[in-house]
Amino acid sequence: MSARPIKILLLEDNPADAELILRHIRDAGFDVECQRIDSEAAYKERLKLNFDLILSDFQMPQFDALRALALLQQADLDIPFILISGTIGEDTAVQAMKLGAADYLLKDRLARLGTAVGHALEQSALRQNRRQNELALQESERRHRLMFENNPAPMWVYEPETLRFLAINQAAVNHYGYSRDEFLAMTIRDIRPAEELPALESRLSGALDVPSHRTWRHRKKDGTFIQVAITSHQIPFAGRLGQLVMATDITARTEAEERLRASELRLRTVTDNARVGLVMVNEERRYTFANATYGEFLGLGPREIVGEAVAEVLPALYESQIRPRLDQAFSGERVEYELQRPAGEKVRHFTVRYEPAQHDGSGRTALVIVVITDITARKLAEESLRASEERFRGALDSLIEGCQILDHELRFRYINEAAARHGHHQREELLGRRLIECYPGFEQTTAYAQLQRCLRERTSARVEDELVLADGTKTYFELSIHPVPEGLFVLSLDTTERRLAGEKIREQLGELLRWQEVMLGREDRVQALKAEVNALLAEQGKPARYAAPAIP
C-alpha cells in the first residue's frame with residue numbers, strides 16, 4: 001500500500017527531536033514533506049504555503065506554541081495543530097486545546113503520534129467538508145431565494161396546517177394586487193371562489209409531500225377571476241414544512257384554446273361538408289388533418305388517416321406519384337396534376353393540388369395542404385360536350401353557307417370549309433389570325449364597321465358588301481351577324497355569282513331596250529313614207545295605196 005503524502009510545518013529548534021518526530025510519522029505510513037522552523041517570522045511566512053499539518057514544540061528560544069496558535073487563528077486558517085513538548089502542564093495543555101490545538105503529546109510518549117496525526121487530518125477533512133456543505137447550502141438557499149423573489153411567475157409558500165401565507169414573491173404582489181402585508185394576513189382560501197373550496201379541502205386532505213400539478217380559479221384583489229396552473233411541492237421553510245406554490249396565469253391561453261376549439265369545430269364542420277378532399281401532411285410525410293370527404297374518397301374514416309404515414313395509407317401510389325410531388329411541395333413549389341382511380345367498372349377522375357402552406361423561421365416549408373377535387377362529373381360533361389361539338393362542327397362543315405366564330409379581337413376561332421373557300425384561303429391559314437390580317441382592306445368596308453358595332457353593342461345585324469381579294473378578284477358577300485359568349489357567330493353567303501348574273505341580265509336588258517328604240521324609230525319612218533306616198537297619189541287623183549295606221 002503506497003504511503004499517504006503529507007506536508008508538515010514543524011516548529012522545533014532541536015534537530016534530533018525533529019528527526020525522531022518525523023520517523024514516527026513515516027513509520028505510521030505517511031510520505032512526509034517537511035519544513036522545520038523555529039522563529040515567528042519564518043512561521044508567518046510559511047503559513048501562506050498551504051500545509052496539511054502543523055507540529056509544534058511548546059517552548060523555543062524565540063517562539064512558543066501558544067503564540068503560533070494565536071497567529072494561526074488570526075490568519076483564519078483551518079490547519080490541524082498538534083502540540084509536542086518535553087514537559088507541559090495540564091492547564092497549559094487545556095489552554096492550547098481551547099486555542100484550537102487538535103492534540104498534544106509528550107516527546108517521550110510518541111508511540112501514538114501516527115494515530116494522532118491521522119485523526120487530526122480526518123477531523124480537518126470533516127470540518128472542510130462541513131464548511132463546503134454549509135457554503136453550498138448557503139449558496140443554494142441564496143440562489144433559491146433569488147429565484148423565488150425574481151421569478152416572473154407568482155410564487156408563495158404557505159403553511160399546510162393553517163393555510164396561511166408565509167412568503168410571497170413580488171410577481172404575486174404585482175399580479176394579484178394584494179400587498180405583501182395583505183397576503184401575509186390571509187390564507188390560501190381567501191383567493192379561491194367559494195364553489196371551489198370543497199375541492200381545495202379535498203386536495204389538502206391528501207398527501208402534500210407529492211408534487212402536484214392542477215388548474216384552479218383564483219380571485220384577484222379587484223374581484224376578477226383568473227385561470228391558473230398550480231405547481232406545488234413540500235419544502236423545509238424556517239424550521240418547519242411549507243408548501244411552495246408557483247401559479248401560472250393561463251386565462252388568456254385558456255380563452256385562446258376555447259376560441260381555437262370553436263374555430264376548429266367550425267373548420268371541421270365546413271371542411272367535412274365540403275365536396276373537396278382536404279388533408280395536411282407534415283415533414284415526416286404523415287397526415288395531421290383529413291376531412292370526411294377525403295376519407296370517403298379512400299373508403300376510410302378521418303381517424304384512420306390522421307397520424308398515419310402517407311406511404312402506409314396509399315402504398316400503391318406513394319412511390320410513383322405522391323412522393324415526388326410531396327418533395328416538390330416541401331421545396332416550396334406549388335404542384336397540380338390529375339389522377340384517375342378505378343371505382344368498380346367505372347373510373348373516377350380527380351385534380352390534386354399541393355400547396356406549401358406553413359414555413360418555419362428559416363423559410364423552410366413545414367406543412368403541405370393537399371386539395372383533392374372529384375372532377376368525374378365534369379369529365380363526363382366535357383366528353384359529352386366534345387362529342388356534341390364534334391357533331392355540331394360536322395354539321396357546320398357540311399353547310400354550303402360560310403360559318404365562322406370570331407373572338408372579341410375579331411380573330412377566327414372557328415371557320416368551316418365553305419367560308420374559307422369563299423375567301424380563297426385554307427382553314428389552317430385563317431384560324432387564330434385576325435380578320436383584317438387575312439383580308440387586307442376589309443377594315444375599310446361597311447361590313448367591318450357593322451361587325452365592330454355588333455361586338456360592342458351585342459346586337460345582331462345583316463349586311464351586304466364587296467371586297468377585292470389579295471389575288472385581285474372582286475367578291476360580293478352577305479353577312480348575318482349574331483353575338484355569342486366567345487364573340488360573334490357569322491353566317492356568310494358568297495353572292496358574287498348572283499351579283500354577276502344580275503349585272504349580266506341588266507346589260508342584256510339594256511341592249512334589248514336599245515334595239516327596241518331603234519326598231520320603234522324605223523316603224524315611224526315607214527309610216528311617214530306611206531303617208532307621203534298616199535299624199536302624192538291623192539294629188540294625182542289616185543286612190544291611196546296604203547291603209548291609214550290604226551289609232552291606238
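Some ground rules. The model is predicted, so local features need pLDDT of at least 70 and side-chain atom pairs count only at pLDDT 80 or more, while totals for chains, interfaces and linings use all residues. Residues are numbered from 1 along each chain as its sequence is written, and side-chain values use heavy atoms, with hydrogens and water left out. Helices (H or I, at least four residues) and strands (E, at least two) are DSSP runs, numbered from the N terminus.

I start with strand β13, residues 276-282. Two strands pair if DSSP finds at least two bridges between them. β13 runs antiparallel to β17, residues 365-374, with seven bridges joining them, and Gly-277 sits opposite Ile-372 there. With β14, residues 287-290, β13 pairs over three bridges, again antiparallel. In that pairing Val-279 faces Ala-290. Four residues separate the two strands of this hairpin, and Arg-285 has a positive phi near 60°.

Next, helix α17, residues 446-457. How far apart are its end C-alpha atoms? They are 16 Å apart, in agreement with the 16 Å that twelve residues should span at 1.5 Å a residue; the expected span is 1.5 Å times one less than the number of residues. The buried residues are Ala-447, Tyr-448, Gln-450, Leu-451, Cys-454 and Leu-455. An α-helix has 3.6 residues a turn, so residues three or four places apart point the same way. On the other side, Thr-446 and Arg-456 are exposed. The cover over the buried residues includes β18, α16, β20, β21 and β22, where contact means heavy atoms within 4.5 Å. Just after the helix, Arg-458 takes a positive phi of about 55°.

Now the spaces. On a 1 Å grid over the protein atoms alone, a cavity is a set of points where a 1.4 Å probe fits but cannot get out, and a pocket is an open set with protein on both sides within 12 Å along at least five of seven lines; lining residues have an atom within 4 Å of a point. Grid points are joined across faces, edges and corners, and a volume is the space filled by probe spheres set on the points. The whole structure holds three cavities of 30 Å³ or more. The largest cavity has about 300 Å³ of space. Its lining has 21 residues, and Gln-404, Tyr-439, Phe-477, Leu-479 and Ser-492 are the closest to its centre. The second largest pocket has a volume of about 330 Å³, and α5 gives the most to its lining, with five residues.

Last, two loop residues. Most residues other than glycine have a negative phi. Asn-50 has a positive phi near 60°, in the loop between α2 and β3, and is exposed at 61% relative accessible area. His-424 has a positive phi of about 60° and counts as partly exposed at 46%.

Definitions and conventions: Buried < 20%, exposed > 50% of the residue type's maximum accessible area, 1.4 Å probe, protein only.
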